[in-house]
Each structure stands twice: as C-alpha cells, then as structure tokens.
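Please find below a short note for a colleague who is opening this entry for the first time.

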Amino acid sequence: MRSLLLVLVPLLPLLAGLVTVFAGRRLGPRVHLPAVVGIGAAAIAALLLLFTAGGASGTGHGTAAPVEHTVELWRWATIDGALTPADGSAPRPLSLGVTLRLDPLTATLLVVITSIGLLVAVYSIGYMHDDPDQPRFFALVSMFVFSMAMLVASSSFLLVYVFWEAVGACSYLLIGFWYRRPEAARAAKKAFLVNRVGDFGLAIAVFLLWLTYGTLDFHDTRLADGTLVPGILGAARLADPTAIVGGAIGTAICLLLLLAACGKSAQVPLHVWLPDAMEGPTPASALIHAATMVTAGVYLVTRCAPLFVAAPGALAVVALVGATTALVAGLIGTVQTDLKRVLAYSTISQLGYMFAALGTGTLGGFTAGIFHLVTHACFKALLFLGAGSVMHAMGGVIDMRRFGGLRTVMPVTAATFLVGALALAGVFPFAGFFSKDEILAALHSRGWPDAHASGHHDESPAAATPPAVRVATWDRRAAPPLIPVASGSAASHRAVAVSASGGAAADGPLDWLAGPRLYRTLFWMSLFTAGLTAFYTFRAVFMTFTGPLRLPPEAHGHGAHGHSPHGHDDHGPSHGGHGGHGATGHEPAGGHGAAASHESPPVMTRPLVILAVASALAGVVLFIGHGLARFLAATPSLAAANVAATAVPPVFHWDLAIQGTLAAAIGIALAAIGHYGRRSDGPSVERFLGPLQTLFARRFYFDEIEHAAVVRPLEWLAAVAATVDRVVIDGLVRSVAHVPVALGGVVRRFQGGVLQRYSVAGVVGVLGMLVALAWNLWL
Amino acid sequence: MTPATSPTTFALLTPEIILVIAALAVFLGGAFAGLRAGWLVALGGIVAALFVATVAAPADGVSGPLTIDGFSGFVRWLVLLLGALVALVQAGDGFRRAVLREAQPYQSTAEEAGVFLLLVAGLSLAAVANDLVLLFTGLELVSIPTAILLGLKRTDAAGQEAGLKYFFLSLVASSLFLYGVVCLYGIGGSTEMATIGARLRSAEPGTVVIGAALVPLAAGLILAGAAFRLAAFPLHFYAPDVYQGTSPGNAALLSTLPKVAGVIVLLRLAGLAIGPVAGAPVGYAATATLDLLWPAAAVLAAVSMTIGNVMALGQTNLRRLLACSSIAHAGYLLVGIAATAALGSSAATGGAAPGGAISGGGATLFYLATYAVATIGVFAALTYLGHRWPVWSATVPRPPREEASTIADLDGLSATNPIVAFAIAVCLLSLAGIPPLPGFWGKLSLVTSALEVDAGGWSPRRLAFVALAVTLVINAAIAAAYYLRIIAAIYFRSTDRGVQSDGGVGAGVGMIACLVLVGLFTIHPQGLFRAARRAGGAVLGARSTAGAPTLSSPVSAVATVAVDAAAAPEPRLP
C-alpha cells in the first residue's frame, strides 16, 4: 500500500502531463482537468503517505530510529566490473536502479510539492483563462510536479541528477512560456545557462561520489551474489561516522554539491537568473521559482547532511553563502519597484536563510531549514499568487509605482496578501515567525555554543567543567526535564563545535572557517536581514494596497489586452490594437468583459484564501511540540550518527524571539513611515540611502560584474578560439574530414555495380585473408 | 545431454513446423484464392511459432542433430520476433505496391509471404542446428528465399538487377562457406558439431597435424561465408546496390535476418573451439582456431566499419545510405566476435575468463537485437511513408508522386508526419549510439568486452583490442554525422510536400512496435541484456557450469515455474 502510494505520487502527474500533451487540444476549455485531477490525486496520496512515513520516535530530544522505505521499480542497467576499489577487493558493478524512497523528509516535501502544485493548478484555471497555449502550460506544470516529486523521492544520486535536469528543463520552458517576447526568451536562456554552472558541479559531485563510495544509491543494496553494498546514505554507513569520507575529498564533494544547490536555489553568485525568471507566467513563478524547485538545493544539502557534517569547512561555506545571499538579496529588494521582483529577491533572501540554517550543521539547523522551506512555500506561493491576481486585474502592469490603494477594489487579494506579508516578515503568530526563530536559534547555538549548552548568553570561552543545564522552555511538556540527556547532548554539541573550530578531527582544507566567530557574524547578519525582510515586504504592501486608489490605463477594459508587464513606459497607441486577440502570446490581462479593474474570479481567490490560512497556521501547528522537527529527525540522513550527535533539546528561545520580532517591527515601522497611505509614485523613504540606493537598484552590479568577469572574457576567449578555429583547426579538420569523404570516394569506386567485379573482389579478399591466416599459423 | 530421438526432434521443431505449414497454406491459398491476406497468415504463423517457442520452451540440454540450449532458444526467439516485425513491414510494402500500380493489381503477395515464412523457418532451423549439414541447409533456406523475395517485390529493372546480384553473390558465398564446412569435416571426421568440437579440443597427435593443415582454411572460409551474410568486408559489395534496388521492406529484411545467420555461424564456430567446460585443457586445433579467428575478425571489423561509414557519408539515397551503415554495423558485430574468440583463447590457455563467463557473445547478441529493432523501425517508417507528393491546389494539375527514397524527401517531415518523424529520429539516434537509447548500451557492451581482453596487463593482443575499441568509437562519431544529417532534414528543413502515408497499416504498426521496443530497451535494457548474456554464455561453454536449466528466452523468465515443471519429467537416457 505504502509502495503503491509512493509510486502514484509521481505517476499521476506524469499521466496527467501525457494526457494533456496528447489530448490537450481536444479537451478544449477543460484542458486543465488532467492536471488538476492528476496533481490533486497525487496530493491526496502524498498526504496519506505522510501518516505512514513517521518514525516511532517521541523520545523528546530529536533523535529517532531512522525510517526508510525503498521501492525498486526496476534495475535500469548493471555494468559489471565498472569500479575496481582501491583496497584491492573484487571489482564492483555500476548498478543503476530506479528506486523510490520514502522517509520523513521525502514525505514532507512531497506534500508541499503536490499541495502547492494543486493550488497553483486551480489558480491557473482562472489566470491562464485567455491564453491560447493552455495545453502547453498545464502539460508543463504536470511534468514539473512529476519531475520534482521524483527528485525528492529518488534514492540515487544519478536519478537526482536526472530529475535535477528535468525540473530545470520545465523551469526553462515555463520561463520562456511566452517565447515570442524577447525578454522571456532571454530570461529563459539566462536561467538555463546559469543553472548549467550548478549542474556541472552536481555532475562532478556525482562522479566523485561514485569514485569515493563505489555506489550511487542512497540506500543499502545487495549485489546479485548477495554481498551488501552500503549506500552513500544507507543505514550501514550512517551508523558509523567514520565511514563517511571527510577531509579534502569530502569537502570537495560538499562544495560541488553546494555549487549545484547555488545554481538551482539562486544563491550568490548564481542568483542572477531568478529575478529575470519572473518573465514566466505568475503561477509558474509561484510554484517553481518560489515554492518548490528553488528549494531543491535545500533538499539536496539536507539529504546529504551527514556528508556535510563530516566536512565542517564546507558547512561553514554553506552558512556563509546563505547569510550573504539573504543580506544582499534583502538589500536589493528594498528598492525594487516591480512587485514580482520584490518577491523574487525576497525568495532569494529566504532561501539564503535556509542555507544559513543548514550551514550550522546541527540537527536543529537542518530541521529549521526544512521547517522554513515548508512555511516559506506556503506564504511565498500566496504572495506570488496574490501578485498575479494584482497583475491580472491591472492589465498586466506590475510596476508598483503605477497603481495604488487597491485594497478597496481587491479586498480578498489585499487581505490574503497581508497575511502572506505578515508571515514573511516573521510576525507572531504567523508561520514565518516560528521557522525564522528556529533558524536564528540554530545560528545562535553555533555562535555562542556555551551559552546554549548552559543557558547563559555569555560569550566566555568554553568552561572546562560540564555546565549546568538550565533551559528556558516555552512548552513545558515538549521540553525534556532530562538533565543527563541535555548535558550529554550539550557535551557532544561542544565536541562538534571544537572539531569545527580546527580541533580534534578536523582535517578539511576549509575547516578553519567554521569557528564561532563566523557564526556570530552570520547571526547578526541574519537578524539584520529579518528587519530588511519586514521592511521591503511591507513597503510592497503599502505601495500596492494603501494610499489613494490609482489604476493604470491598461486596467480599464480591453484597451491594453496583452501588454508586456515590464514594458511600462512604452504603452502607446500602437499597442491599443492588440486588444481582443489573445494569440499574441502575452501575459493574460484582465478586462475580459469587465470595464474596470475588479477582484479576481473565485477560482483564483479561493487558493489564495487556503494558502492564507496555511500561512497563518502552518508555523504554530508544526511548531507545537516541535512536531515537524521530531518527524524529520527520523529521516536516515538526519538520524545519522554524526548528525544526531548535534541534537540539542528543543527549546523556545524567548530572547531570540524578541530580537527577531523587534527587527520585524522596526522594518514594518520604517516601511509605514515611508509608504503607508502615500502615493506609490511619490518620493520614497529609500532616497535617504543616497548612493546606496543606486547600488541596490543596480543589484550590487552582480550582472555587470559577472558580465565583465565571466561573460566578457569568455566572449573574448571565444573570439580568439573562433579565429584559431577558423584559421588553424578548421583547415586541419577540413582536411581530416576530407579523409573519410575522400576515402569514401575511393571506396565507392569499387561499387561500380558490375557483378563480376564484386565477386572477383570478394574472392580476392577471401584469398588474401586465407593467405594471411595460413602465414600466421604455418610460418 | 539427452540425445534427441525422432519424436522428440519433431517436438523440438514445433515452431519451424508451424512456419512451414503456414507457408504451405499461403502458397495454396494464393494459388486458388489470390489470397491478399497472405502476409496476415504469415504474421499469424510467426506469432504462433513465437508463442510456442516462448511458452513451450523445452528444457535445455537436449542434444543431437538439434540442440536446445540457452543460445539456440534465445536466437530462435529473436529470429521469430524480428520475423514478425519484418512481416509487418512487408505487409505494408505489399499494400504500398498495390497502391502504386493501381492499373495492374498486385498479385504476388501470397508467394512473397510464403517465401518469407520459409526464410524465417530456415533461420530458426539454423539457430537450433547441431549438425553442419542442418546448419548449411538452414542457411540456404535463408539465402534462396531472400533472392526470390528480391525478385518478386519489384518488377522493374532495378529490382531484377538487385535480385540477380544477390543470388549470384550468395552462391559464391555459400560455396566458400561449404568449403569451410568441408574442412571442419576433415578435422572432425563427422558432421556433428559436438564431435567436431571434441576433436578440435583433443590433444591427439593426429588431430594436431590435420588441424594444423585445415584450421586456417576452415576458419577463413567460414568467416567468409558469415561475412557475406553480415554484409562485412570483403563480401559487402552487394549491399548498397541491392538495398537501393529493392523495397524498404526487403531492405529491412536484408539488413537484419541474414546478419543473425552470420552471428549464429561465428558464435557456433567459436563455441566449438572453446568447448563446454571452462578452463578444461584445450587441444592445439582449438586454440589455433581461436587465435586465427580473432585477428581475422578484428581486421574485418575495423575495415568493415570504416568502409561502411565513409561510404555512407556521401550518400543521398536513404536505402543506399542505410546499406552502407549496415556494413558498418556488421563491423561492430565482428568486434564482439573477435573479443569472444580472444577471450576464449585466453580462457583456454590461462584459466577462467574474467567474471566466469565470456562476455563477447552476449554483447554481440545484445547489439544484434538492439540494432535490428532500430533498423527495422527506420525501414518500417520509410515503408509507411510510401510516397510524398508536392502540395497542389485545385487549379494546378496534381504532380506525380515520388517515392520517399532520398534524404531530401524527408525534408520537413516533422511538420507533416510528426509520429513518423519521431520514430525515424529515435531509431536513428539509437543506431548512432546516443545514450540512453539501446544502441548506446549495445556499443557500450561491445567496447567493454573488447577491453576485457587481457585486461590484466599490456600484451600486443590487448593493444590490438584497445585499437579496435578506439576504431569503433571513432566510427560511431563518423556515423553520427550522417544519421544527424537525416534528423536535421526531418526537423530543421521545410518542405512543400504534403502529408502522405500510403504504405499501409502494417508498416505503421511495425513502426510503432519497433518504437515501443526501442523505448522498452531504453528504460529497461537489463532484461534483454541478461538474456543475451545468458545465451552468449550458453554457446561459449557456460552450459555445463550452470547447474540449473537456463531459460531460453527473456519472456519465459516469467514462466520459470512452468518450464521447471516441464523439465522435470524429461526422459533421460543413460
């Protein structure tokens, strides 16, 4: 039953996609049916799986017996003797199985992917209503849900690679959905090329993993002759921390995996593709570029947690990259005027948060990262869909300076957007508050390890004697009164910190990075980012929904149907003629029927309401009793010996919660001072930033720097290479290429078509062969 | 080993008997009723034979004039499968002709189908033959019907020329092969393969002298006979002319079924020399055979693939191009044969083969299957396409239709016939060896088995095989050029020709079947590969090492229980 459900989750969207591809045109106006039904059924299956995936944990301090269930669908290929291990043991086959796995991490993500996928599909019924290419859209969404489900359910690095590429392909095709628009085509190409850098890292990482571990499977497998091959993340290996390769090789693998994650999850310096990816249809942005695909990197790092914990240097880089990304993207987000781009930078920033949490390398950090992933998926999908609703009503205009005061005309959108913004800003009791607190706590625990072990927030170096345990608890029942356990875990926690700071077992090339000082810096950066987040989020809320009601001309009737959402300054009369025929491949605009802007249809607002409820409640529901953290702790990767050793008792850090809330409050207050009730095109509070505003608005010149540092030299190199190629190589190759052709000419001369010559040539050839053989044997 | 008595022999030959009965029915029906459904009867016969061969697969270990071991079971299954696919295509071909000559009704369908059934029966017989006479008979039962089919299918001058050329050259090849058989008889003093094998491997002084005299002749001439059927150098000359001059359906036949015959002959020969017991002491004649076979096969392989590919580069006619490419594929197959012989030789002199089994045979059979399915797929698509005609309007008189025979005729096919275009593209990519299509797995297994030769150290033989593997890879690159040229024409050029597919339903079904098989072997190559490896192991001596009866066909893996039950009461004579 469990296996069947696990297979159904990816299979149903795949079938839906195939049906849409082959019968899409015939379905006419009901073209959304296969996708909605398929993804909906998959969501139900995923929910059922959630109840079967849990472990028998509940011991209270985060450690649990690993729960793993694998289903081998078939064995794709076995190549005998593909690897001769260095230790002289028998050659091993490269065995490529198609195996699905179920564990708490997979189950959690499957639920997120399918349920958000379902809501987005339903929303798209309204949003894509006028688009002539609906079959392509729904087919791509279904295929994306299939690929993403396979990505998180695959139990082998090779399959992860395959579906890593598959989600990338879906993303590429959806960004370029309106491929007739040059910006969309360019954005798709940019996303593709930037992701290539990351994918390259993943490919090399997979090769290295194969050479290092002699398998690509996560789980333990048996060869045909019965010998056990311990999987990279199998029970046999995870029980024994020494079986995980650290040092230079381990660090290299982890850094390459991180490179892959940076590409897919838009982390600095590979984040530049995500803002441009907003050229795609907004529902696709919500699903792929906010809620699910971009979290693939977070999933990958969490899945490989034992490998990362064995390489503290790489972990420090993860945290550094994450916190830097969070800060940089947050700063850029403060001056964006395009609503979707604000959300895009916010996504990058929040993903950076997740990476910072993962980079702590503690069990609490990993679970906090996934916790934030889940809550972020809810509220960011909500915000994107809300932005889409605004865009739908504004006739494709998304520049916040061109509209304002929309709360009166779009009450549902405004209310739900506000809920999403509160969740994103981390205001109690909305979802983001809890997950953000966990992340700050994880960073804090690495920056001030003794404070966490002892409960005092002093910054003195580690005391020699085991500190007394006094933990502040928010939920008495959840907090363990188990002093021995707590002190034990505190000690082991410090062991990790010591090894991380260049002590005992550390021998990776970057391990010197992983000291408390780094994490202290990152903690303050993250706290500052929390304030920034609140500021830019509410800046967007106030600019869009408060102040005097202003509507762009496109929002009125048919006049501007099919406007480019980003071409805000060139809406001349020449575009007026576009109205009516939706075949131009532009962003669908409002105005089918209504003469003025209006609230979106119920098929669009209902998903918003559902997501708003989820955004409001997900945090507290998943936080009570640390339910999600305990559930996730049974994931084999997180129950691994070296990861479980970092577990600390779950506590609620009042001080951190207060700090985080203060930061959010300051951000919201600043945004209110600058934008509440004002015309959104008026002077803004950001002007006080001075030259910094230009810096942020130009996105720290990342695009320009990368253009100058990477693209330009490559172009230059390409030009040189092209010249060399033309002059030297081409001449050489042409002459080489002439060899087969010329040889062909010679050979063809024998094909004269005369039967007698054929027989003579054949017999002569055979005689020659016989003479050679006889010569060989007799002489 | 159970010597097969007459009743059991008949029981073992049930599939072939079904084929012959179907052939007779087609001939008679054609004479009296002008049976247009001849191909349907043929297809039914082949499917029935396939069913019998699969479900009622007899237990291995029967020996006599016929042998049912893992090898013959697998090859018979492959032959019948390919036969069914080609019959589908041929059926389409017939319909195409009927459409082509509206004025002159197409009469010879029945005879074609009957002759084709005999051909399949002959090939199936060659697969199970354990006697040189029976083997030769089976092979001739392939050659002669092929020549007849070539003559029947196309009544124009080109068709007649093709038929005649093939007929005469097959006579030359058959006589060469027969001389080789005579030499084997001279060594063994018997036509029974088991006896010949035992004599080859015996270390008696008399055998050594006779062996020394006759082994080069036997090995060389049998290789020559097989080379004609494989369309390998130096007996490949007929292929381009004959393919071009005949119909796509016949080209599908020519490029697959005779190649199976060639592989049967060469693997049987290697099997005779290697013997049933791995690592047993081996006589001079046997080692000499293997040591002569591998360099000869390696040279023929290198020359064939190079000649085939460079010739194909300049071709514009599709069938001629695919003929050249089939020469190249014969070269790839010979790589597997050469590796088999070399691995067998080192197993005989230096103990067990790596991994306990000789991988070359399995790799060859696997490649053969993947190649054949993809090739039939391309020809089925071309048959199904039939003709394409320029778009005309009501005001302009309808221009004449042209048979789709050149690359230019496929221009813009993706727009007019997307499914046919997709089928051709997938099959061609598989032939080019693009991962993860089955052709890639096939080439990979061939290269792997070539690199297994003397893998321990660096001997001249290892160098030779490394060079051979490199040649194979370079040739695959050259081949990709012309395959991709066709795909580029299909997908990136535009056309003024309209949709046309008058080749008949049969060819369409055959095309889809091949596409499905290619897809199946892409996502699950393991099943076919395991079956092929088991078959290759069976012919090369793993027979006696395997305790349990091996299954003869991949499908019968499902029917393990049934086969075991059937095997239990098998009468065993002392």
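**Notes on chain B**

1. Met193(B) counts as buried because 23 C-beta neighbours lie inside 10 Å of it, where buried means 20 or more other C-beta atoms within 10 Å of a residue's own, exposed 12 or fewer, and partly exposed in between, with C-beta atoms placed from the backbone. This is a predicted model, in which local features need pLDDT of at least 70 and side-chain atom pairs count only at pLDDT 80 or more, while totals for chains, interfaces and linings use all residues. Residues are numbered from 1 along each chain as its sequence is written, and chains are lettered from A and ligands numbered from 1 in the order in which they are written.

2. Met193(B) lies in helix H8 (residues 193-201) of chain B, helices being DSSP runs of H or I with at least four residues, numbered from the N terminus. Beyond its neighbours within four places in sequence, Met193(B) is in contact with Asn130(B), Asp131(B), Leu132(B), Arg268(B) and Leu272(B), contact meaning C-beta atoms, placed from the backbone, within 7 Å.

3. Helix H11 (residues 248-274) of chain B has 27 residues and reaches 39 Å from its first C-alpha to its last, close to the 39 Å expected, that is, 1.5 Å times one less than its number of residues. H11(B) is mostly covered, with 27 of its 27 residues buried, and Gly275(B), which follows H11(B), has a positive phi near 85 degrees.

4. Turning to the partner chain, 34 residues of chain B are in contact with 30 residues of chain A.

Conventions: Contact = placed C-beta atoms within 7 Å. Helix = DSSP H or I, 4+ residues; strand = E, 2+ residues; numbered from the N terminus.
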